[in-house]
Structures are given as structure tokens and as C-alpha cells.
Amino acid sequence: MQVLIVKTSSMGDVLHTLPALTDAMNAIPGIRFDWVVEEGFRQIPTWHPAVDRVIPVAIRRWRKNWFGSETRQQRCDFKRQLQERDYDVVIDAQGLIKSAALVTRVAKGSKHGQDCKSAREPFASWFYTHRHHIDKQQHAVERTRELFAKSLGYTKPDTDGDYAIAARFLTQPPADAGQYLVFLHATTRDEKHWPEENWRALISLVAPTGLRIKLPWGAEHEHQRALRLAEGFPHVEVLPKLSLEQVAQVLAGAKSVVSVDTGLSHLAAALDRPNITLFGPTDPGLIGGYGQNQIAKKSSNNMMSTISANDVFTLLQEPQP
């Protein structure tokens, strides 16, 4: 059976889709997947053993110059690549009008997605041949697992979901695996940032333990923050700019991770790394870390500044199973 997945973004949403593929792989021998995903996340689907082909899409970039000649050509090339195969099933796990109209609508195959009461944007369901009711009061991972089970005709397992990517990165662990922490300090929204003085206080508390701290970054303003956090601390390493796969390799070797609410936090969860995620205005209930040893530290008043370094350090010292 050949299946097309439409799940384009964000990083956390893409990662949350992986356990559904594992369920399907275990339930239907020989099933294979192609996956339409935003170009910035194209590496993630390749990590799963059931994925044959990744078809990158650039909706975020194209909409900046939708009718430009280069954009029009890229859209035509994407459509041609998308329609190279006839699929047994097309699963739209995004539930948004733009992805349903631009991708799912033109794909070849029986189209499945959430019904109007379940999808994030109800009108997206217009583009599906088969519409499935999915209970909203469950974690995003479980919602996607349920959608795949109903679309492909098997019973969703009662066991916890398995991302099936950790083993890929543990075959060649870093030489210093287990001897360092990773602090994921970067996120998109200002209100989700933990103040720099709190990060530096935590860095200071870690110093006597002998553990090193690694700080990844993506954009230049995140690089500058990492440099400020590391200043004066010899046990802190600001990493060079890394690809997503390289970041995953660093995370896979970490003893523990401390993160704000960001896509890389979900990557740490997918890699089964102990992870303390700090939440201010966002609710971890249905979209928080899904996996082993995931701790959500929620502020008492939705202000990130009220989470103390001492509280986080105490959680770091607790023994892991």
C-alpha cells in the first residue's frame, strides 16, 4: 500500500505525526509513505523507516511572491512531482484550508482527513473524500494516530506512540554522550522566552556538577543570545550553526535537556531524551512534550520570569528512570 501524507508544518506538528506512521507500519505489512512537508522540515520524515519519498513544498516562501515567474515555475514543478504517483490513500493530517486546497486537492488518491467538527479549519474538510471524527480532547500525537487508524482501517494501539527515530541517532553517539546538557533557549514568541538572567543563573548552578552545557541556535539573533548566555562560563559551548539532523545528533547524546516551548523541544521528546520544558502563556496539556521523561514546568501566573533557576535545577537533579 502506498500512502501520501500531507503534514507540512510546524516542526512540532511534523514530529507528532511520526508515531502514527509506526502504528501503520506495524499494522499493515509493506505499507510505504510519501510525505509533503515544508522545505525547512524536509529532513524529519527521512528519519522514519517507513518513508520512501519526501516532497518538499514552500508555501511559506511562495506566498511572499505568489505570482512571480520563479514561484509559478516552482509551483508547477511541485504539482508535477506530487502527481507522479497514484496513491491508495491520501491522508491530510494538517486540517488547514491552504494545504488542503494547494496539496490534498491535486494529489491522486482517495482523500482522508478530519471532519468539520475536528479539523483546525472546518472548511478544509470540503476537500476530503472521507471525513473522520477525531476527539479533540487528547494529545496531538494521539489525534493523528487516531486519524491514521481510521483512514487505513486498523485499530489504534493502546500503547504509547513510538516515533521510531531514536535508534537512528544512537548508533553513533557523540564521544561525550551523557556528559553534557543542552539548553534550548530560542523560540519565536517573546512571551515564551525565559529571561536571560534566569538562564545564566541556571548555568551557574550547573557549574559544580562537572557537566558541560551546549547551546544551539538558528538565526543570528539567537546566536547573539547564546553568546551572552555563555559569557564568562567555561563549561558552556555555543555550537556552530547546525543542520536539523546535526542538532538531533547533539540532542541524542545529551544527559538532559532544558527547553522553552519550541519545536526542538518536541525533537528532544522524539529522541527519548529527559527534557524539562518551561511554559508561560501556553498550555502544555494537549501539545506538550510527548514521550518518555518529559517534564512540563508551568509558571504560576503565565509569566516565564516567575520560573526560578533553582526550581529547574532541582528537577535536573532528580534521578531519571
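A residue is called buried when its relative accessible area is under 20%, exposed when that area is over 50%, and partly exposed in between. The model described here is predicted.

The buried residues of helix H11 are Gly263, Leu264, Ser265, His266, Leu267, Ala268, Ala269 and Ala270. Helix H11 spans residues 263-270, and because eight of its eight residues are buried, the helix is largely enclosed by the rest of the structure. After H11 comes Asp272, which has a positive phi near 60 degrees.

Next, the packing of two helices. Helix H1 (residues 11-27) packs against helix H6 (residues 140-152) with 8 Å between the axes and an angle of about 35 degrees. The two helices cross in a right-handed sense. On the side of H1, the contact is made by His16, Thr17, Pro19, Ala20, Leu21, Asp23 and Ala24. On the side of H6, Ala140, Val141, Thr144, Arg145, Phe148 and Leu152 take part. Two of these contact residues, Asp23 and Arg145, also belong to a network of salt bridges together with Glu142 and Lys156.

Arg53 sits in strand S3 (residues 51-57) and Asp34 in strand S2 (residues 32-38), so the bridge links distant parts of the chain, 19 residues apart. Both Arg53 and Asp34 are buried.

Another salt bridge pairs Glu39 with Arg61, where the closest N and O atoms are 2.8 Å apart. Glu39 lies in the loop between S2 and helix H2 (43-46), while Arg61 lies in helix H3 (residues 59-62), so this pair ties together parts that are 22 residues apart in sequence. Glu39 counts as partly exposed because its relative accessibility is 30%. Arg61 is partly exposed as well, with a relative accessible area of 38%.

A further salt bridge brings together the side chains of Arg189 and Glu191, at 2.9 Å from N to O. Arg189 has 37% relative accessibility and therefore counts as partly exposed. Glu191, at 41%, is also partly exposed.

The surface also has a nonpolar patch. Ile97, Phe123 and Trp126 form it, and together they have about 360 Å² of accessible area. Ile97 belongs to helix H5 (residues 97-102). With 34% relative accessibility, Ile97 counts as partly exposed.

The last topic is the backbone. Most residues other than glycine have a negative phi, and most peptide bonds are trans. The peptide bond from Ser9 to Ser10 is cis, with omega near -10 degrees. Ser10 is placed in the loop between strand S1 (2-6) and H1.

Asn293 has a positive phi, near 60 degrees. This residue lies in the loop between strand S11 (275-279) and strand S12 (294-298). Asn293 is partly exposed, with a relative accessible area of 23%. Asn302 has a positive phi near 70 degrees, and its place is in the loop between S12 and helix H12 (309-317). At 41% relative accessibility, Asn302 counts as partly exposed.

How values were computed: Residues are numbered from 1 along each chain as its sequence is written. This is a predicted model: local features need pLDDT of at least 70, side-chain atom pairs count only at pLDDT 80 or more; totals for chains, interfaces and linings use all residues. Side-chain values use heavy atoms; hydrogens and water are left out. Patches are made of residues with over 30% relative accessible area and no salt bridge: like charges are joined within 9 Å, nonpolar side chains (Val, Leu, Ile, Met, Phe, Trp, Tyr) within 5 Å. Accessible areas come from the Shrake-Rupley method with a 1.4 Å probe; for residues, only the protein chains shown count as cover. A salt bridge is a side-chain nitrogen of Lys or Arg within 4 Å of a carboxyl oxygen of Asp or Glu. Helices (H or I, at least four residues) and strands (E, at least two) are DSSP runs, numbered from the N terminus. Buried means under 20% relative accessible area, exposed over 50%, partly exposed in between (1.4 Å probe, protein chains only). Axes are lines fitted to C-alpha atoms, for helices over the stretch in contact, and angles run from 0 to 180 degrees between N-to-C directions. A crossing is left-handed if the near helix is turned anticlockwise from the far one by less than a right angle, and right-handed if clockwise. Contact means heavy atoms within 4.5 Å.
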